[in-house]
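Reader: I would like to learn how to read a few features of a protein model. Where do we begin?

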Amino acid sequence: MKHVYFFGNGKADGRADMKNLLGGKGANLAEMTSLGIPVPPGFTITTDVCTLYYENNGHLPEELDAQVRDSILQTEAIMGTKFGDPENPLLFSVRSGARMSMPGMMETVLNIGLTSKTIPGFIAKTNNPRFVYDSYRRLIMMYSDVVMEKAAGIEPKEGKGIRHRLESILKTFKESKGYTSDVDLNGDDWKAISDSFKDEIKSALGSEFPDDPYDQLWGGVKAVFSSWNGKRAISYRRIEGIPGEWGTAVNVQTMVFGNTGDDSATGVAFTRNPATGENLFFGEWLQNAQGEDVVAGTRTPNPLNLATKTDGNKESLSLEEFLPDVYKALDGYRTKLENHYRDMQDVEFTIEEGRLWMLQTRSGKRNGPAAIKMAVDMKNEGLINKEEAILRVKPSQLDELLHPMIDPAAELTIDALAKGLPAGPGGAKGQIVFTADDAEAWANDGKTIILLREETSPEDVHGMHVAAAILTAKGGMTSHAALVARGWGKCCIVGCAALQIDIDNKEVHINGQTFKEGDWFTLNGTAGKIYSGELPLLDANPEHNQEYAQLMTWADEVRTLKVRTNADRPEDAAQARGFGAQGIGLCRTEHMFFDPERILAVRKMILAGSQEERRGAVMELLPFQRDDFYGILAAMEDLPVTVRFLDPPLHEFMPQTDEQIDELAGELGITSSVIRTRMGNLHEFNPMLGHRGCRLGVAYPEITEMQSRAIFEATAKLTKEGKNVHPEVMIPLVGTFTEYTNQEKIVRATAAAVMEEQSIEFEFMVGTMIELPRAALTADQIAEHAEFFSFGTNDLTQTTYGFSRDDIGGFLPYYIAEGILDHDPFESLDITGVGQLVKMGVEKGRSVRKNLKIGICGEHGGDPASIDFCHKTGLDYVSCSPFRVPVARLAAAHAVLNNK
Ligand code: PEP
Ligand code: MG
């Protein structure tokens with residue numbers, strides 16, 4: 001079995017379409033090599049080996065050794081150096097590379113092959129002892145951290161890990177010598193540091209640092225495989241929905257050095273700006289540095305070219321100015337790669353003594369606004385077609401356009417505390433915390449937080465994910481914090497040098513002021529500005545974004561599902577209409593009853609002693625309800641409006657305080673103790689399964705009658721005013737068709753009465769929700785009568801699983817942690833289980849009423865995966881909250897394209 005794929009000197013065993021086997025990085029290294037782009041030669045060990053490694057308890061397959069040695073021979077032949085050779089040593093990097101990029105989540109070890117035998121030869125060859133010992137100490141630091149500690153399963157306390165220990169040795173050394181920067185250390189210094197590092201490793205980890213090149217190589221390879229199941233990789237996979245069985249590949253590649261002197265450099269670049277989508281070559285580079293220096297954010301890098309300099313870095317030297325020929329070659333590869341991959345690429349490069357090497361290319365992460373701009377631009381440039389453009393934007397990325405921003409008027413009134421680099425756009429406010437664990441704990445307590453760090457590392461992802469925004473003191477636009485935040489579309493500011501963080505006391509000093517954990521900050525991630533306190537945020541307005549409008553037009557041309565909204569106030573309806581809603585799929589009438597002006601009448605209605613009394617109370621509500629429906633129907637003129645009859649658990653309306661009970665008693669002319677007795681009689685053990693939904697209308701038909709009357713009187717009025725309105729009356733929580741017909745009779749009789757009274761004709765529909773398993777099972781019987789179905793997947797999920805929708809929070813975290821469920825079924829539809837009932841409901845319903853109109857109005861109506869399912873199942877529309885409407889429109893287009 002072929003486990004190892006070689007690449008080098010224009011020839012490669014692999015190809016770009018072999019990502020599953022070679023990982024994204026390995027496949028692209030092979031592809032770049034074949035394109036004739038200069039890539040340091042090396043080889044990829046396949047993801048299959050990762051699987052075998054786990055199946056065989058951490059043992060690698062036997063035949064791997066020979067295949068690796070063969071690839072090393074080929075590499076040596078190209079480079080004219082030898083792995084482990086005392087005179088002319090070849091050094092390798094070992095890096096992970098999964099099918100999907102997981103930035104920084106897995107391990108890397110550089111400079112493998114430096115040993116006591118090869119160091120003298122390497123010094124003789126480079127004539128640069130300082131560089132060689134600096135490289136050696138980097139190997140020791142990375143290797144001890146990644147291989148000897150993490151992969152060995154050693155879990156030191158925060159701040160006690162080997163990397164931290166070695167860093168403090170370096171710090172103490174520098175202090176003792178009076179050095180202020182790493183640049184001050186000479187070769188002897190780095191040699192002494194390396195020796196101290198090895199002593200520390202021996203005493204802290206109990207084993208010697210390996211001095212054999214093959215030991216180092218295999219240690220690195222195994223550590224990469226182990227890192228696939230490291231804590232942070234697992235948590236990243238969970239967040240991103242990457243399956244655990246994919247595994248990672250390992251890339252072993254010839255080391256090239258960006259830190260051999262002043263004509264060496266390293267950098268990261270994007271073929272277009274990943275923060276704005278602008279078609280400009282955008283990147284950062286550092287002179288005399290290794291790649292990790294750029295990504296780790298320990299030095300603030302220079303801009304790539306003149307075109308992308310900003311006010312903040314206009315004094316820094318760009319690569320275009322410093323090494324014009326190299327820049328020109330790099331720009332050529334930019335065009336070649338983008339045309340070849342037909343997508344924005346994120347590349348890493350190293351310049352070794354003036355010679356350019358490309359170390360990686362991959363489709364670059366981008367935020368939502370950038371994704372939209374690039375997709376539309378690339379279609380207009382003829383690089384991709386309309387369908388591809390639609391698929392280039394993840395529905396969830398639209399959320400970012402809908403992001404809040406700081407109210408500009410308020411922002412003008414206050415000076416910024418400090419400024420950093422604008423890594424993730426939008427505005428956010430929150431209470432500051434200083435560690436990822438604190439971020440998680442505070443967020444679990446329902447607090448909105450901003451995570452403030454010196455710089456972030458992959459160990460922080462869980463805290464970054466729950467943060468409203470991320471703020472770091474160090475790092476550039478391609479630092480870890482920036483990449484991760486951009487991937488999630490989060491507000492983020494990096495490289496804010498004014499922050500002096502005191503992690504021990506959990507406080508930060510900024511220009512003479514001190515802020516403590518829990519203090520409020522507001523960030524403007526678009527401008528990189530930091531404010532103390534809370535500033536008002538404004539909702540975003542995507543309508544002004546032309547590319548967004550274009551993309552949505554294309555999506556609308558492609559999709560077949562209609563998108564409605566769940567709204568029960570005219571303002572929300574109008575908002576949703578602006579977002580492209582094609583009607584209301586669910587107007588819940590409960591909130592209309594909670595209005596303080598009406599609640600007394602509602603309580604009188606529920607606690608009435610006789611039908612007559614109840615009727616009186618109910619009819620007090622009629623004028624209010626008529627106005628409600630008038631407003632909603634008017635806002636949705638020409639579009640269908642589904643009004644769902646009252647469906648609350650009764651207890652929610654009961655008076656809560658003695659005062660409220662007394663007030664009600666006064667109104668009804670009875671004593672408070674009678675009220676208490678009636679309340680006791682109405683007490684329910686399981687209100688969710690109790691007297692709610694159509695059961696309320698069955699017991700108290702006057703409520704159904706009043707609501708019908710309110711809808712139809714509003715319809716009559718609007719019709720007389722010349723408006724074209726389309727009410728659809730929806731009966732909730734039906735389990736038997738007889739419940740439905742019981743209620744339908746009242747609705748139709750009331751409609752007829754209103755038409756007669758008002759001498760006018762109008763059209764309407766009557767239908768039902770399918771939100772109980774029995775309704776799905778008997779959908780054919782129900783469809784004999786109902787003119788439309790709307791799946792209430794909130795209740796359908798509740799009653800199919802038997803999970804209380806209000807109480808799942810108590811046990812869901814355990815279910816997710818134990819892998820019993822992989823997601824919250826109230827968020828994304830359980831297609832395997834609940835989905836069967838939906839399918840059955842559709843099939844049975846349409847078996848008796850061919851053109852039965854069917855939608856969904858549970859929360860799942862705004863979830864892209866659930867929308868895909870709704871499309872495949874033949875629903876006519878999905879309905880979701882106003883801000884999800886654009887997301888649903890795009891998801892519906894994706895559903896068409898992905899199911900072609
Ligand atoms: C549902 O159950 O899915 C639904 C939309 O109704 P509600 O959430 O109001 O119970
Ligand atoms: Mg429901």
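Author: Helices (H or I, at least four residues) and strands (E, at least two) are DSSP runs, numbered from the N terminus. In this structure, Val 747 has its place in helix H29 (residues 737–758). The model is predicted: local features need pLDDT of at least 70, and side-chain atom pairs count only at pLDDT 80 or more, while totals for chains, interfaces and linings use all residues. Residues are numbered from 1 along each chain as its sequence is written, chains are lettered from A and ligands numbered from 1 in the order in which they are written, and side-chain values use heavy atoms, with hydrogens and water left out.

Reader: Is Val 747 buried or exposed?

Author: Buried means under 20% relative accessible area, exposed over 50%, and partly exposed in between (1.4 Å probe, protein chains only). Val 747 counts as buried because its relative accessibility is 0%.

Reader: Which residues is Val 747 in contact with, leaving aside its neighbours within four places in sequence?

Author: Contact means heavy atoms within 4.5 Å. With those neighbours left aside, Val 747 is in contact with Phe 645, Thr 704, Ser 708, Phe 712, Val 729, Ile 731 and Val 766.

Reader: How is a nonpolar core read?

Author: It is a set of buried Ala, Val, Leu, Ile, Met, Phe, Trp, Tyr and Cys residues joined through side-chain atoms within 4.5 Å. The largest one here has 93 residues, of which Phe 593, Met 605, Phe 712 and Phe 789 touch the most other members. Helix H28 (residues 701–720) gives this core its largest share, 8 residues. Another core, of 81 residues, lies apart from it and has Phe 83 and Tyr 143 among its members.

Reader: What should helix H8 (residues 213–227) span?

Author: The expected span of a helix is 1.5 Å times one less than its number of residues. For the 15 residues of H8 that gives 21 Å, and the end C-alpha atoms are 21 Å apart, which agrees.

Reader: Which strand pairs with E34 over 4 bridges?

Author: Two strands pair if DSSP finds at least two bridges between them. Strand E27 (residues 562–566) pairs with E34 over 4 bridges, in the parallel sense. Val 878 in E34 is the bridge partner of Val 563.
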